[in-house]
Amino acid sequence: MTTKGNQHSSSMKIKSILFNLLVFIPSTLTAVTFTDESEKFGLAGGNDACWFDFNNDGWTDICAGGKVYRNEKGQKFVYIADVGSCVAADFNNDGFLDLYSWGSRKVYRNIEGQKFEAIELPELPKGGSLGASWGDFNNDGFVDIYVGGYESWPKDTYADFILTNEGGKSFKLNWQEVRYRARGVSACDFDRDGDLDVYVSNYRLQPNILWQNDGKGKFTDITGDFGALANGPGFGGGHSIGASWGDFDNDGNFDLFAGNFAHKDGRGNQPESVWLRNTGKEGKFKFENKGQGGVFYQESYSSPSAADYDNDGNLDLFFTTVYGVASFGRKNNPVLFRNEGEFKFSNANATTKLEGLGATYQAAWADFDNDGDLDLMAAGRFFVNNGSKENHWLRIKLECKKKTLNRSAIGAQVRLTLSDGKILSRQVESGTGQGNQNELTLHFGLGSHDQPVKVEISWPDGTTLNLNNVPIDQKLTFDLNS
């Protein structure tokens with residue numbers, strides 16, 4: 001199939017991997033629940049998680065707590081290797097997802113889906129790290145790595161830095177900055193200009209940074225000018241651990257949820273977590289602070305991760321906590337916040353049976369069994385989604401064999417237009433919250449919408465593809481060849 005995009009011609013192969021047509025039965029919607037299946041599937045532990053299909057068998061695998069497990073066709077997980085906490089992308093464009101371990105600060109090359117081997121890196125800045133994100137920041141067709149620098153005890157050394165990919169063969173230390181103590185790193189082309197921008201969550205009463213990319217991998221701090229400051233310096237500032245990009249109001253633009261750990265102890269109230277709405281092109285892609293939006297106060301919020309867990313068409317948010325019991329003996333627990341629309345969110349822990357989870361930074365989503373709903377790895381436990389029979393869905397996997405694009409399509413965006421005018425947007429991203437990664441396959445819940453949809457794909461090089469009447473309730477692969 002040959003389709004002409006807005007700026008380039010592109011050859012596109014579309015392959016249906018899974019087609020399980022669901023029957024829409026008008027009825028009262030039943031609440032989606034999760035079941036802890038950790039023991040059954042042999043998957044438990046860790047304080048972070050990265051979902052990725054390392055052997056290309058169509059079943060997403062996982063690295064949890066630094067250990068890689070192979071998904072055996074949705075029946076069980078088998079331990080493969082220990083590589084350290086990581087995020088995934090195909091750095092050499094050979095068709096297999098590689099790993100950057102921010103835990104051990106190593107790049108592991110995937111050898112044809114069989115094993116992982118560490119490659120040589122340049123001398124790195126001293127210090128530790130709690131998160132990183134892959135992205136083709138200079139648009140040369142190969143993914144680079146933005147690494148957040150965090151304090152390393154007893155010596156207080158830290159530096160954010162970028163490893164620039166040298167044609168899939170090696171990496172070069174291209175830039176570093178010692179200013180703030182970074183935790184989560186998340187990338188998104190929020191201004192839709194064809195390059196990946198980066199949002200860094202900083203701790204210790206230090207302001208977060210929104211870096212705007214000039215398309216050549218040079219970044220400018222635009223946090224204040226674009227209204228993206230979600231905390232701030234000094235005691236009146238906050239402690240950010242992680243953030244999540246997502247189109248939370250279904251207008252086609254990527255918004256931002258900025259999480260904050262906030263003390264309230266009589267000396268002053270530190271800023272709580274906030275929703276930052278992207279105003280879009282007409283608003284010059286600046287951010288409007290929508291407040292807490294139902295994310296009720298808990299002192300030790302840490303790592304958020306967005307997903308449409310109930311397939312109703314609205315992106316929801318799972319938000320973890322650092323402590324089980326915080327200051328003054330107040331209990332803190334991770335919360336699944338259900339999106340009610342218009343930046344209003346409600347606590348769905350009771351209805352989903354996720355009450356009482358312990359302190360964790362781990363929060364990552366994937367459809368591990370290819371049944372059309374998203375499952376959750378969190379708090380060292382594996383929670384299987386019991387699904388919604390009423391709601392429809394569509395899953396889209398993007399692959400690139402075009403020389404000007406990175407093979408794993410990091411940075412690509414997909415928009416679905418429904419008959420009621422809603423625009424559902426998702427992006428292929430590496431890194432969310434603090435050190436976690438959701439599955440690269442994009443998941444769209446469609447609610448009661450039971451008709452084909454319009455699909456728009458924006459590839460990282462500016463190529464766009466528009467498709468009408470795409471059938472739903474299936475998984476599709478879009479392969480850009482040339």
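Begin by selecting Phe34, whose bridge partner in strand 30 is Asn385; strands are DSSP runs of E with at least two residues, numbered from the N terminus. The model is predicted, so local features need pLDDT of at least 70 and side-chain atom pairs count only at pLDDT 80 or more, while totals for chains, interfaces and linings use all residues. Residues are numbered from 1 along each chain as its sequence is written, and side-chain values use heavy atoms, with hydrogens and water left out.

Now move to Strand 32 (413–417) and strand 35 (453–458), each of which supplies at least two residues to the lining of the second largest pocket. A pocket here is an open set of points on a 1 Å grid over the protein atoms alone, where a 1.4 Å probe fits, with protein on both sides within 12 Å along at least five of seven lines; lining residues have an atom within 4 Å of a point. Select Asp189, Arg192, Gly194, Ser458 and Trp459, which are the closest to the pocket's centre of the 21 residues that line it.

Finally, show the whole protein chain, which has 37 strands and whose C-alpha trace spans about 60 × 55 × 50 Å along its principal axes.

Conventions. Pairing = 2+ DSSP bridges. Helix = DSSP H or I, 4+ residues; strand = E, 2+ residues; numbered from the N terminus.
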